[in-house]
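Reader: I have a complex open here and would like to go through it. Can you take some questions?

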Amino acid sequence: MPALSPDDRQMLLDSAETLLARAHDGARLRRLRDQGIAFDPAFWRLMAEAGWMGLRLPEAVGGSDLGVAAAVALAEVMGRHAVPDPYIAACHLPAVLLGDSEAAAALATGEVGVGVMEGEVPLTGPSEVALGAAVPGGETLLLADRGNGAEILFLRLAITPELRLDGGAGGRVHVTARDLAGAEVLSAGPAALGLWRRACDEAALVTAGYLTGLARQALALSVEHLMQRKQFGQTLAQFQVLQHRVVDLRIGIRMAEAALGAALAAPADRMRLHAAKARASAVASATTRQAVQLHGALGFTDEAAIGLYLKLAMHHAQAFGSEAAHRTAHARLSREARDAA
Amino acid sequence: MQPDRNAMSDADFAAELRAWLEAVYPPDWRDPLLRLRGRDAEWWYARQWQDGWRAPAWPREHGGLGLSVEKLILYHRVTEDFGIARTLDHGVKQVGPILVQYGTEAQRAACLRPILEGTQTWCQGYSEPGAGSDLAALRTRAEREGDSFRVNGQKIWTTQAEESTHLYFLARTSAAPKKQMGISLFLVRRNAPGITVRPIRNLLGEREFYEVFFDDLIVRADAVVGAVDQGWTVAKALLGHERFAQGSPALARHTYRLLCTMAGPLGAFDDPAFADRIARLGCELSDADALYAENCAGVASGADLGDSLPIAKLVAAELFQAMAECLQDLAAEAKARPGCGVPVAWIDEAARVYLMSRPYTIFGGTAEVQRNIMARSLLALRG
């Protein structure tokens, strides 16, 4: 996997800014929500044309194999623009799982997205399963144990789309015994578990990028508001209590950036990953909550952009492990390291 | 002349420094919470000088090690990991860099070598009863009388004033429209007639800081560093690239280790509430480490660090306090369970750490003043 050069990174960020400024805004987000659209194929194709779908895929299947750092950089821009589309859940995560399979090639072109089962515990029988996204063709990846150890299964299912109150898109499927029996096996044995976990880790890291970009923009919107809005004869920015709150949010965001950078620099260090996602989830949640508070009553209206950020922070803070889950995992590894020493 | 170690590999450099510390550093002093003073500190400065490990950031032509930024970062990392005690060492940390930048030949000749040898030690007279966070409000006056200045006024929070041989201080030399102007920086012998000091006992029971009184102290004009009335600018001259060290979470890490050590016999990791609190602190420490490492790398590459240095300093101080608070709560648990296996000495240590951590959000600009400063640029405020 080639390292992402600063030039490549800048090019990717510039093209992402340009595309999102043109093709996405709050009005689109509200339209998808109001019309109950959980998956927007037109926007998905736009992202594919920009090359984003192949970012994490090998060149052999039409990807650009730029690696996780590129995906994190891209996700930061998506967070900044409050993009609700399930890029991480239905593209990045399955890309890691699919590798250089045929389905991966279809993923790169933007013809399909792939829904992936939430969680890291193998399915042992027929069940109702939550997916991170609802894709039109029903392409689905499951982690299952059909009696011979863990396997990653690829199948097509009828997905019921679910638009959640937090603005995030997801889906639900009923997996039957026949579905399980007839599924294509992508990977089996300990390798399957390892791959699944690696994919979830990566998705968590990319989501940390999304949350960090989102938090930065939520703070920027709040700062703008504080500098314009006047009460008691002065701008809100003149009040020291609000100044310190803004500084604390800035400190949190800077810590999230540092944690993310450290995790990217040491891909094998799972403690760094857990710290990064825990921090990003906490910071994006705190920043957007405070941002709504700083906006006053306006912040609770659907019309103001800041609420969109709050909801997407709610969704992504939980996706691929909440703050608490990652913090606990960090503590477990930290204790194991201490016991070993 | 001390040896030039910049050409060494990082590994050799670290190994040599570590081996030297193992060989000469008194084991009793391996405690990052300890601050050496008086004869102990002087012994350590002299030893550093004899063995060629003194003044890492000073340029070589002035007798320092002249370490590159990369080596300087490594120097701090190795000494921190070893757990050496802190020292005030205002001579090396403040006076030397100020003289290198603004001093006259005569001032450098009189001070730099003795500072390196550890025979000249410095204390700082900046704060005053009416000028703490608002340092520029200082009122100590130095009035010109021919070739000299007559100084009257009072300083406070001067650390280790009694045992220091010299004092550098700020005084007002002219009335100016802006309060930062009209201030000058002076160098003086601590035992000069007209200077008296009085200790102030702190919460730990130590007499480490002092009030300093000037009663018709006469200072020659050639003891002013830089131009008269330009002391505010001069005082801010530090070897900029060493500022990163303030953001090191070393004390937080030390306290975290104490926490984990005490948590063991108490079974605190199996108590969900404590476990979660320690987990939170562990993540915080990991992130503070990440920011510090990023700052070190940024300083080394000459990148614009923006507000990252003040953030790291604030985070390190507040995290040290949070760790100390958790440690104190563990100590309470240990007290409530006699026979649990936690030595009583650890309980006392927790109290010491708790008290010791308090001033970290006060000195060098309170956490609140630092937030004011950061807010100014975030919110584009004037002032």
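Reader: What ipTM and pTM does the predictor give the complex?

Author: This is a predicted model. The predictor gives the complex an ipTM of 0.89 and a pTM of 0.92.

Reader: And what pLDDT does chain B average?

Author: Chain B averages 93, and 98% of its residues score at least 70.

Reader: Where in chain B is confidence lowest, and where highest?

Author: The lowest is helix H6 of chain B, residues 231-235, with a mean of 91. The highest is strand E8 of chain B, residues 195-200, at 98.

Reader: Now the interface. How many residues are in contact?

Author: On chain A there are 28, and they are in contact with 26 residues of chain B. Helices H8 (190-228), H9 (240-265), H10 (270-295) and H12 (323-340) of chain A each supply at least two residues to the chain A side.

Reader: Which gives the most?

Author: H9(A), with 12 residues. By type, the chain A side divides into 15 nonpolar, 6 polar and 7 charged residues.

Reader: Moving on: which residues touch the most other members of the largest nonpolar core?

Author: A:Leu74 and B:Leu327, in a core of 211 residues. H8(A) contributes the largest share of this core, 17 residues.

Reader: What is B:Leu327 in contact with, leaving aside neighbours within four places in sequence?

Author: B:Thr255, B:Leu258, B:Leu259, B:Met262, B:Ala350, B:Val353 and B:Tyr354.

Reader: And the second core, what does it include?

Author: That separate core has 6 residues, among them B:Ala41, B:Trp44, B:Ala85 and B:Leu88.

Terms used
Residues are numbered from 1 along each chain as its sequence is written. Chains are lettered from A and ligands numbered from 1 in the order in which they are written. This is a predicted model: local features need pLDDT of at least 70, side-chain atom pairs count only at pLDDT 80 or more; totals for chains, interfaces and linings use all residues. pLDDT is the predictor's confidence in each residue, from 0 to 100. Helices (H or I, at least four residues) and strands (E, at least two) are DSSP runs, numbered from the N terminus. Two residues are in contact if their C-beta atoms, placed from the backbone, lie within 7 Å. Ala, Val, Leu, Ile, Met, Phe, Trp, Tyr, Cys and Pro count as nonpolar, Asp, Glu, Lys and Arg as charged, and the others, Gly among them, as polar. A nonpolar core is a set of buried Ala, Val, Leu, Ile, Met, Phe, Trp, Tyr and Cys residues joined through C-beta atoms within 7 Å. A residue is buried if 20 or more other C-beta atoms lie within 10 Å of its own, exposed if 12 or fewer, and partly exposed in between; C-beta atoms are placed from the backbone.
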